Amino acid sequence: VAQKSRHSAIDGRTTRHESHALSQKHRKRIEEAFGWAKTVGGMAQTVYRRIERVRSRFILTMVANNLARLPRLLAA
């Protein structure tokens with residue numbers, strides 16, 4: 001859960017641990033992939049019916065995301 005600036009359900013007891021900061025870092029990385037899939041990959045509104053086709057489209061989109069990220073990962 002992300003911490004809000006006002007009226008947050010998360011207080012200092014949770015955010016003081018460095019594992020919380022690490023968790024937020026990992027969460028951002030995961031959310032970026034899903035955001036890319038929705039905007040660039042066309043997964044915001046699928047045109048397919050049946051779970052098998054939607055699943056295969058999602059896997060193909062995430063493979064494309066990994067291929068798009070690969071040059072930056074290799075350069076680092």
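Mentor: Contact here means heavy atoms within 4.5 Å, and, leaving aside its neighbours within four places in sequence, Asn65 is in contact with Ala33 and Trp36. The model is predicted: local features need pLDDT of at least 70 and side-chain atom pairs count only at pLDDT 80 or more, whereas totals for chains, interfaces and linings use all residues. Residues are numbered from 1 along each chain as its sequence is written, and side-chain values use heavy atoms, with hydrogens and water left out.

Trainee: Why is Asn65 called buried?

Mentor: Buried means under 20% relative accessible area, exposed over 50% and partly exposed in between, computed with a 1.4 Å probe on protein chains only. The relative accessible area of Asn65 is 5%, so Asn65 counts as buried. Asn65 is found in helix 3, where helices are DSSP runs (H or I, at least four residues; strands are E, at least two) numbered from the N terminus.

Trainee: What span is expected for helix 2, and what does helix 2 reach from its first C-alpha to its last?

Mentor: The expected span of a helix is 1.5 Å times one less than its number of residues. Helix 2 (residues 18-39) has 22 residues and reaches 32 Å, close to the 32 Å expected.

Trainee: How do you know which side of helix 2 its buried residues line?

Mentor: In helix 2, His20, Ala33 and Ala37 are buried. Seen down the helix axis, the buried residues of helix 2 fall within an arc of 140 degrees, so they line one face; the arc is that of the directions from the axis to the C-beta atoms. What covers these buried residues includes helix 1 (12-15) and helix 3 (51-75), whereas the face turned away from the buried side carries the exposed residues Glu18, Lys25, Lys28 and Thr39.

Trainee: What makes the meeting of the Lys28 and Glu32 side chains a salt bridge?

Mentor: A salt bridge is a side-chain nitrogen of Lys or Arg within 4 Å of a carboxyl oxygen of Asp or Glu. Lys28 and Glu32 meet at 3.1 Å, N to O, and they are 4 residues apart in helix 2, which means a separation of about one helical turn. Lys28, at 53% relative accessibility, counts as exposed, while Glu32, at 47%, counts as partly exposed.

Trainee: How many salt bridges does a search of the whole structure find?

Mentor: The search finds 2, and one of them joins the side chains of Glu52 and Arg50 at 3.6 Å, N to O. Glu52 is partly exposed at 45%, whereas Arg50, at 56%, counts as exposed.

Trainee: Why is the pair of Phe34 and Phe58 called stacked?

Mentor: Rings of Phe, Tyr and Trp (its six-membered ring) pair if their centres lie within 6.5 Å, and planes under 30 degrees apart count as stacked, over 60 as edge-to-face and the rest as tilted. The ring centres of Phe34 and Phe58 are 5.9 Å apart and their planes stand at 20 degrees, so the pair is stacked. Because Phe34 lies in helix 2 and Phe58 in helix 3, the pair ties together parts that are 24 residues apart in sequence.

Trainee: What makes Phe34 partly exposed, and what makes Phe58 partly exposed?

Mentor: Phe34 has a relative accessible area of 38% and Phe58 one of 30%, so Phe34 falls in the partly exposed class, and so does Phe58.
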